Amino acid sequence: INRKKGLDILIKAIALLNTYGIKFTLDIYGEDDDNFKPELKKLIEKHKLKSQIKFKGKLDPLQRDATLQKYALLVLPSHQENFGLVVVESLANGVPVLISNKVNLFPIVLKHRCGLVFDTNEQNLADRLNHYYNLTLAEKKCMSANGVKVVKEEFKSSVIAKAYEQLYNNVTKNNRRSKPLKNIRTKVEMS
């Protein structure tokens, strides 16, 4: 839990949806590493959302998959996210995602239709949550299946190893002392 994750935007979006008669529940996982939780609690109280929003604490990595599978949607409203491992973990578990356009995985989510993307403001997030809420069950299942498929195709170890090989070769291209990598073998496991 920290400011860059955009939880304040998410709380305000849920409050907006309440005014439309749409009630979402939100479980927030993670440790407060930015002393932001007291501010979020005040925001929750201000908008009378205590019955809808719960802080769950740190998620046990051994329970991650089982916990993710209990949810209909993962929301990551970050102001900046270099990768967003939780997005890949959610998709691998068949959980569609709603992420901000500041999460660097957003082009993959759009391309493979395994979730929704929003601009980092509460009105746009509320609109996208409402859109998700109004999808048919078949559309939501399609997003889930697309997510599982994209993780298997885009994040398998051979694809990641090839990307690292290309990156290394590009970085060392102008450095005559470095030798290019060829046919590296590696095993990458998703934790």
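Which residue in β4 is the bridge partner of L74? In this predicted model, the bridge partner of L74 is V97, and the two strands β3 and β4 pair in the parallel sense over three bridges.

**The sheet**

The strands form an open sheet of three, in the order β3-β4-β5, with parallel pairing. Because β3 (74–76) and β5 (115–118) each have a single partner strand, they stand at the edges, and one side of each is left without a neighbour in the sheet. From one strand to the next, the twist averages 10°. Helix α4, which spans residues 85–92, packs on this sheet and touches β3 and β4, its direction making about 165° with that of β3.

**Residue N101**

N101 lies in the loop between β4 (97–100) and α5 (106–112), and with a relative accessibility of 24% N101 counts as partly exposed. Leaving aside residues up to four places away in sequence, N101 touches F106, V117, F118, D119 and T120. Although N101 and F118 are 17 residues apart along the chain, their C-alpha atoms are separated by 5.9 Å.

**Residue R64 and the side-chain polar contacts**

R64 is found in helix α3, residues 64–68, and R64 counts as buried because its relative accessibility of 16% is under 20%. The side chain of R64 makes a polar contact with that of D65, while the side chain of N101 makes one with that of D119; the distances are set out below.

| Side-chain pair | Polar contact distance |
|---|---|
| R64 and D65 | 3.1 Å |
| N101 and D119 | 2.8 Å |

Note on methods
Residues are numbered from 1 along each chain as its sequence is written. This is a predicted model: local features need pLDDT of at least 70, side-chain atom pairs count only at pLDDT 80 or more; totals for chains, interfaces and linings use all residues. Side-chain values use heavy atoms; hydrogens and water are left out. Helices (H or I, at least four residues) and strands (E, at least two) are DSSP runs, numbered from the N terminus. Buried means under 20% relative accessible area, exposed over 50%, partly exposed in between (1.4 Å probe, protein chains only). A polar contact is a pair of N or O atoms within 3.5 Å; within protein, one must be able to donate a hydrogen and the other to accept it, and residues adjacent in sequence count only if both atoms are side-chain atoms. Contact means heavy atoms within 4.5 Å. Two strands pair if DSSP finds at least two bridges between them. Axes are lines fitted to C-alpha atoms, for helices over the stretch in contact, and angles run from 0 to 180 degrees between N-to-C directions.
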